[in-house]
Amino acid sequence: MISKMMKWFFWVVLPLFLVIGAYSWVFTQETKKEASQGATQPTEATVVKPSVSEGSEATKVELKLDKEIYKGGETIKISGKVPPGMKVNFIEITSIDSKVQVSRLDRKDFKFYLSKEIPAFYHIVINEDYVAKIDKNGTIEEKPVKEIYNKWKANKKWKIGEFMKETNADIAFITPPKLISEIKVWKTSISKAIIGSRGEPLPSLTDKKEIKKEAARLIQTRMKDLPKIFSLGKIKTNEDGTFEYSFKLPDNAPPRSYTVIAVVNKEVKSEPIKLTVDVSFPKIYFPVAGTSTNFLGPLILSLAICTFGVLMGAGGGFILNPLLIMIYHLPHGVVAGSVMPTVLFSQATGIYNYSKIGFINWKLGITVGIFMALGGFFGPLLNQFVTLDEYKFVFGIVLLGLAALMFWQTTPGYIERSKKEKAILEEFKKRAAAAKKAKEEQKS
Amino acid sequence: MKMKFEFWGETFEANMIIGALGGFIIAVAASLGGFGGGPFVVPLMTVIMGLPIYVVVGSSLLAIFFNTLMASSRYYFFGQTDVLLFIIMAIGAVSAGFIGPRIAKRLSPIWVKRIAAIGCTYLALKLLNVPFIP
């Protein structure tokens, strides 16, 4: 009897305490740090105020839009006037109300960066005739922007910082540093990750220059492909200084306010001008994913895939998650975090139904369950640390394993065995139901 | 380390080191990817731990539930759960739970599994960026 209790303690109670203990410890650590940083916040927040353009009347850029309210997929007609002899080289478009959380693990120094204020939509149009000037130790080198763009576009491991430096696009990277008040930083280590923590909290980035650098990297982490953030466009500037450009908003553009800024060079640029994107039913905006789509799309996808999942005897998540990433380009963290809880209902009803007929061995289920909970504690953290490509790789391997399992279940040997086992299972279920009934009758 | 337990009058013995380690690894992969993990836990318990299927069906569900609950709450606290997307996905998943079994009666499970195996392989190759996959 005592040994049985010891075993219970060892396998169930102790791990449970460990999990809960680690969880609460990590949680208090993170909130403590947040609270202490929050206290110093307000004084620094005032520093990051939009700077008023210092240009006089002569060097001001006028900017106009054809409408105030747009819908996703519509074209914004941008026009205006620049001082004679100048040209509009960049146009920056930012969604300032719809923001998303983006995090990134820097593999060089194992720092984990997180910001909740990354614009859900960001774009810089670069004039395709622009010739970039690169300062190389005092000598200025000139290079057509087209060349640089195509070079980086072909590179899968492109770097936003270097790209912006080479194309001079960093002078048009104006709004994100103003929008983002702080970027949280953690120093991760394996020992911290094992207990489920992001790492040792470091002071947040509040310096404007540092925020600018890291904001660009976080935007790259979120949008991934270079053409999604930067595009080459024919910004036509006439001789009298008037210019015009048509920008097509993507279909999945997030709602609410945006700003547009036309940039000539570091000194000469327009005031930010506002526009509103309207997202109306049946299109809806997913605030964490940062995209707007017709809600019927994901609904039908989920229904079809989950039905197929029921037929093949596996949850829908296996197929649903990669499809959500491939079709809607949602971040892998959001996909995993939103699809995972959907199976809770079916699992709970399943457990309830099995427990009613006494068909669950609690000792076995809980013991394995504790270790699965530990795994479930660790996995979501790992999800933040991996890149999309690594996520796809792991998922691909898992799917190959699943395919092999499915195939094995169609082999004659397995079918023969499973027939016998199913018969026993049915027999046991009948017995269980009968016993349950008998018990209830006895009670009444 | 063996664990003894009783199920419907029979006594079973299972190697819990394999169970714990296997469960942990499956749970990490499942919560990283955001799927259930049932198709992996059941073979772990039947084939590797050597338990009969009637012991496993209910108990494996309980074990997976622990993982799903923990991972879901972790994702929620990390701010990675889009509640709107979750609701839409849940509507689809719950209705699939009603529709699925009705269709299942008319289909050969062997063929469904074969098609699923091909589908999963195709998707896996796409995810692994294997060249020449349309």
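**Figure 1. The loop between α9 and α10 of chain A.** In this predicted model, A:H329 is found in the loop that joins α9 (317-328) to α10 (332-339) of chain A. Although A:H329 is not a glycine, its phi is positive, at about 55°. A:H329 counts as partly exposed because 15 C-beta neighbours lie inside 10 Å, whereas a buried residue would need 20 or more.

Figure 2. A:R256 belongs to strand β15 (residues 256-263) of chain A. Its phi is near 75°, a positive value in a residue other than glycine. With 14 C-beta neighbours inside 10 Å, A:R256 is classed as partly exposed.

Figure 3. The peptide bond that runs from A:F281 to A:P282 is cis, and its omega is near 5°. A:P282 itself lies in the loop between β16 (273-278) and β17 (283-286) of chain A.

Figure 4. The secondary structure of chain A comprises 14 helices and 18 strands, and buried residues make up 40% of its 444 residues. Of the contacts in chain A with a separation of 6 or more, 68% are between residues 24 or more positions apart. The domain assignment gives domain 1 (47-278) and domain 2 (286-439). The C-alpha centres of domain 1 and domain 2 of chain A lie 40 Å apart. Their contact takes 14 residues from domain 1 of chain A and 12 residues from domain 2 of chain A. Strand β5 (residues 99-106) of chain A provides the largest share of the domain 1 side, 3 residues. The residues on that side of domain 1 of chain A divide into 7 nonpolar, 5 polar and 2 charged.

**Figure 5. Helix α12 of chain A.** Helix α12 (residues 362-385) of chain A has 24 residues, and 34 Å separate its first C-alpha from its last, close to the 34 Å expected at 1.5 Å a residue. A kink of about 25° in α12(A) is centred on A:I370. Of the 24 residues of α12(A), 20 are buried, so the helix is largely enclosed by the rest of the structure.

**Figure 6. The contact between chain A and chain B.** Chain B contributes 82 residues to the contact and chain A contributes 91 residues. On the side of chain B that touches chain A, β1 (2-7), α1 (16-33), α2 (38-48), α3 (53-77), α4 and α5 (109-127) of chain B each supply at least two residues. The largest share of this side, 20 residues, comes from α3(B). By class, the side of chain B that touches chain A has 58 nonpolar, 20 polar and 4 charged residues.

**Figure 7. Packing of α11(A) with α4(B).** The axes of helix α11 (residues 343-356) of chain A and helix α4 (residues 83-104) of chain B come within 8 Å and cross at roughly 35°. From α11(A), the contact involves A:V343, A:F345 and A:S346, while α4(B) contributes B:A90, B:A93, B:V94 and B:G97. This helix contact has 5 nonpolar, 2 polar and no charged residues.

**Figure 8. The surroundings of α2(B).** The buried residues of α2(B) are B:G38, B:P39, B:F40, B:V41, B:V42, B:L44 and B:M45. Their cover includes α13 (388-408) of chain A, together with α1 and α3 of chain B. After α2(B) comes B:G50, whose phi is positive, near 75°.

How values were computed. Residues are numbered from 1 along each chain as its sequence is written. Chains are lettered from A and ligands numbered from 1 in the order in which they are written. This is a predicted model: local features need pLDDT of at least 70, side-chain atom pairs count only at pLDDT 80 or more; totals for chains, interfaces and linings use all residues. Helices (H or I, at least four residues) and strands (E, at least two) are DSSP runs, numbered from the N terminus. The expected span of a helix is 1.5 Å times one less than its number of residues. The bend at a residue is the angle between axes fitted to the seven residues ending there and the seven starting there. A residue is buried if 20 or more other C-beta atoms lie within 10 Å of its own, exposed if 12 or fewer, and partly exposed in between; C-beta atoms are placed from the backbone. Axes are lines fitted to C-alpha atoms, for helices over the stretch in contact, and angles run from 0 to 180 degrees between N-to-C directions. Two residues are in contact if their C-beta atoms, placed from the backbone, lie within 7 Å. Ala, Val, Leu, Ile, Met, Phe, Trp, Tyr, Cys and Pro count as nonpolar, Asp, Glu, Lys and Arg as charged, and the others, Gly among them, as polar. Domain bounds come from an automatic or database domain assignment.
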